[in-house]
Amino acid sequence: MELKQQEVHQKILKALESQSTTVTFDDPLENDMVLNMGPQHPATHGVIRLLIRLDGETILSLVPDLGYLHRGYEKLAENMSYHEFIPHTDRLDYLSPLANNVAYILAVEKLAGIEVPPRAQYIRVICAELARLASHMVWLGTMAMDVGAVTVLLWGFREREKIQDIWDVLTGVRFTTSFTRIGGLAQDITPQAISMIKDFLSQLPASLNECENVLVRNRIFIDRCEGIGYISKEDAIAMGLTGPLLRASGVDHDLRRDEPYLVYDQLDFHVPVYTDGDVLARFYVRMQELRESIGILHQAIEKLPSGLVNSANPKKVLPKKERVYGKMEELIHDFMIVNFGINPPVGEVYHAIEASKGELGFYIQSKGEGCPWRLKIRSPSFVNIQSLPIMLKGGMISDVVAVIGSLDPVMGEADK
Amino acid sequence: MKEKLLDKLNTSFKNSIESFSEFRNELTIIIKKADIEKICSFLRDDAELSFDSLRDICGAVNRASVDRYEVVNNLYSLKNKYRLRLKVLVDADDMNVPTVTRIWPTADFEEREAYDMYGIVFDNHPDLRRIYMPEEFEYYPLRKDFPLMGIPGSLPLPRK
Amino acid sequence: MELMKPDEPFITTKLDDIMAWARKNSLWPMPMGISCCAIEMMSFAGPRYDCARFGSEAFRFSPRQSDLMIVAGTVTYKMSHVVRKIYDQMPDPKWVIAMGACTSTGGMYRTYSVVQGIDLFIPVDVYVAGCPPRPDNLIKGLMEVQNQIARGEKPGQKVKNIYPRIRFCK
């Protein structure tokens with residue numbers, strides 16, 4: 001034991017002597033420092049690594065490093081049928097799982113050419129807007145916590161728990177819902193769910209006003225957010241930003257109004273646009289969006305038509321389980337759809353929706369088989385992270401946290 | 001809009017367009033590899049067409065033969081609210097494609113992803129390195145000959 | 001711990017028991033929140049499923065100041081080195097909860113870049129099932145760690161199941 005320790009000491013001494021440890025600086029105080037805001041950090045939303053070159057506290061340049069959550073979604077999609085991929089889409093932007101389900105199903109239905117009855121479209125609008133509310137609640141909580149107001153995090157999660165109760169009754173699951181199916185939905189909406197949504201919406205504006213008043217009248221919050229992370233209108237379009245970031249820089253663009261999908265052309269809503277382009281403008285845009293979503297939900301619930309929820313296309317739409325166990329035709333169709341897939345025609349489509357982070361798009365290439373040939377997910381967080389170096393040039397380290405909070409990246413979709 | 005677009009492209013770049021097709025109201029144009037930059041800057045700078053936003057770049061394996069790859073650019077015009085898809089075919093023995101980062105800076109990360117997943121090399125890209133997989137990874141995951149479970153031993157794990 | 005008599009003002013116990021009681025009622029977790037399970041972990045710390053009433057008051061993001069690491073989310077090969085480094089930085093005694101299906105066995109991702117279970121490189125004490133597990137489930141996992149501490153088991157050891165009817169945290 002002692003002999004081994006001596007051997008180790010000898011080895012260390014020899015290593016120290018042989019390596020040259022002379023380093024010369026002209027002036028030891030005149031050097032840049034490279035700081036690693038590593039993958040595990042309380043203020044980065046998920047696992048993203050930022051390498052920041054600093055001169056004192058001023059940022060000279062910044063390089064994001066992704067890939068710590070790369071789970072191989074696109075390769076998985078090439079090996080499983082269209083139905084089997086629906087639960088995987090939940091885990092992309094995991095703060096608003098219903099919106100991802102809706103986006104994927106719309107792309108698949110566009111490819112296969114399936115028409116969905118209007119009741120299902122209205123329910124999908126309700127799901128997408130509830131998902132936007134839930135995602136923005138987490139954004140509000142985490143951005144306020146990063147800047148220093150921890151109270152708003154708990155208030156935001158209180159509201160989010162109520163939305164998760166609604167999802168529990170509507171879809172059966174609290175969090176990762178997998179609610180939409182090709183040709184419609186997994187199940188119909190019940191009157192209990194509708195009354196829960198109405199109760200929730202009646203008390204939400206008061207809570208939102210409470211959260212906003214705590215933050216917006218606070219001198220520290222305004223100072224930390226105003227003028228920080230500025231990006232101009234031309235840069236925003238050139239960098240491919242979408243969603244609240246684009247609208248906060250003065251570009252009036254919203255996919256729900258410009259390329260309407262589902263039944264958004266029959267609903268009446270206003271698109272908030274601010275021209276400042278900094279963190280505070282993005283905060284206001286998202287708070288306005290929350291209020292607009294409440295209005296859209298009220299309209300959708302009022303206009304909900306009666307009728308079937310799934311389209312009547314037996315070769316492509318999964319039949320109900322009660323009929324599968326009793327009737328021959330449904331059994332055969334169920335077997336064919338589950339084992340061989342829906343076999344859409346040869347071609348390619350790209351369909352995008354306005355998710356809470358930006359434009360979430362699915363590009364599917366099909367070769368006529370049950371599995372897609374290529375599935376590409378155009379995730380908004382991936383593109384938004386590219387603009388971090390432009391927003392933070394010349395800023396300070398504490399601004400990094402505020403800007404990432406306003407960007408609201410979700411690494412599940414950025415890393416796929 | 002579609003007729004205007006095809007007219008303008010046919011008058012200026014007749015030799016570069018190989019074919020075009022339409023499926024579910026979406027126009028796809030296949031162009032030659034060498035003329036990407038010219039066509040893309042024309043599409044962006046033209047006042048009527050104004051395709052000022054690049055929404056997505058992806059690599060893909062050609063459906064006809066597994067040895068050929070393609071690079072697909074999804075463009076969007078904010079003014080006309082119109083989408084267009086440009087495709088470039090790449091052979092397996094010459095995987096170099098000109099980059100479009102000078103025209104749309106958002107292409108930076110997307111082209112790095114296409115390089116990481118397929119091995120398509122983009123000339124004149126400012127910073128072409130792997131983005132999702134670690135730098136030492138030697139394979140290109142989305143190619144059809146790479147197994148889903150990966151090759152054992154290709155990625156290191158820390159010791160227990 | 002036992003009281004001598006109801007009217008006598010002292011308790012007889014073993015030092016091990018007192019220390020185990022103190023440790024289990026003040027487990028400070030270090031949330032290694034990587035993906036979707038991290039949101040359920042935030043709910044677990046949130047106002048409805050409050051974990052502060054179990055003693056896990058302070059969610060320390062620094063490994064040097066915590067004694068329980070909750071790994072929540074899919075661990076890829078690139079991230080596994082980071083998780084191992086942070087596990088090494090925690091002072092002894094330390095416990096690990098593997099939250100969710102992705103950390104237990106790789107979950108629904110049987111692909112080239114996902115580690116099929118974190119027990120390949122870290123000793124794990126409690127596995128919590130679910131995708132993502134409900135916060136009640138995670139509370140049961142925390143209570144299971146507390147029971148392990150109370151029974152005096154060393155962390156990281158594989159011990160036999162002493163509840164034959166309950167096979168895993170449901």
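How many helices and how many strands are there in chain C? Chain C holds five helices and six strands, where helices (H or I, at least four residues) and strands (E, at least two) are DSSP runs numbered from the N terminus. This is a predicted model, in which local features need pLDDT of at least 70 and side-chain atom pairs count only at pLDDT 80 or more, while totals for chains, interfaces and linings use all residues. Residues are numbered from 1 along each chain as its sequence is written, and chains are lettered from A and ligands numbered from 1 in the order in which they are written.

Along the sequence, the elements of chain C follow the pattern β-β-α-β-α-β-α-β-α-β-α. Of its 170 residues, 45% count as buried, a residue being buried if 20 or more other C-beta atoms, placed from the backbone, lie within 10 Å of its own. When contacts in chain C between residues at least 6 apart in sequence are considered, 77% join residues at least 24 apart; two residues are in contact if their C-beta atoms, placed from the backbone, lie within 7 Å.

Leaving aside residues up to four places away in sequence, Met99(C) touches Cys37(C), Met41(C), Ile70(C), Val71(C), Ala72(C), Val128(C), Pro133(C) and Leu138(C).

In chain B, five strands form an open sheet of mixed pairing in the order β1-β2-β5-β4-β3, two strands being paired if DSSP finds at least two bridges between them. The edge strands, β1 (17-23) and β3 (53-61) of chain B, each pair on one side only. Strands β1(B) and β2 (residues 26-31) of chain B run antiparallel and are joined by six bridges, and Glu22(B) has Leu27(B) in β2(B) as its bridge partner.

Helix α2 (residues 36-45) of chain B has Ile36(B), Ile39(B), Cys40(B) and Leu43(B) as its buried residues. Seen down the axis of α2(B), these residues fall within an arc of 95°, so they line one face of the helix; the arc is that of the directions from the helix axis to the C-beta atoms. The buried residues of α2(B) pack against β2, β4 (69-77), β5 (82-90) and β6 (96-98) of chain B.

Definitions and conventions: Buried ≥ 20, exposed ≤ 12 C-beta atoms within 10 Å, placed from the backbone.
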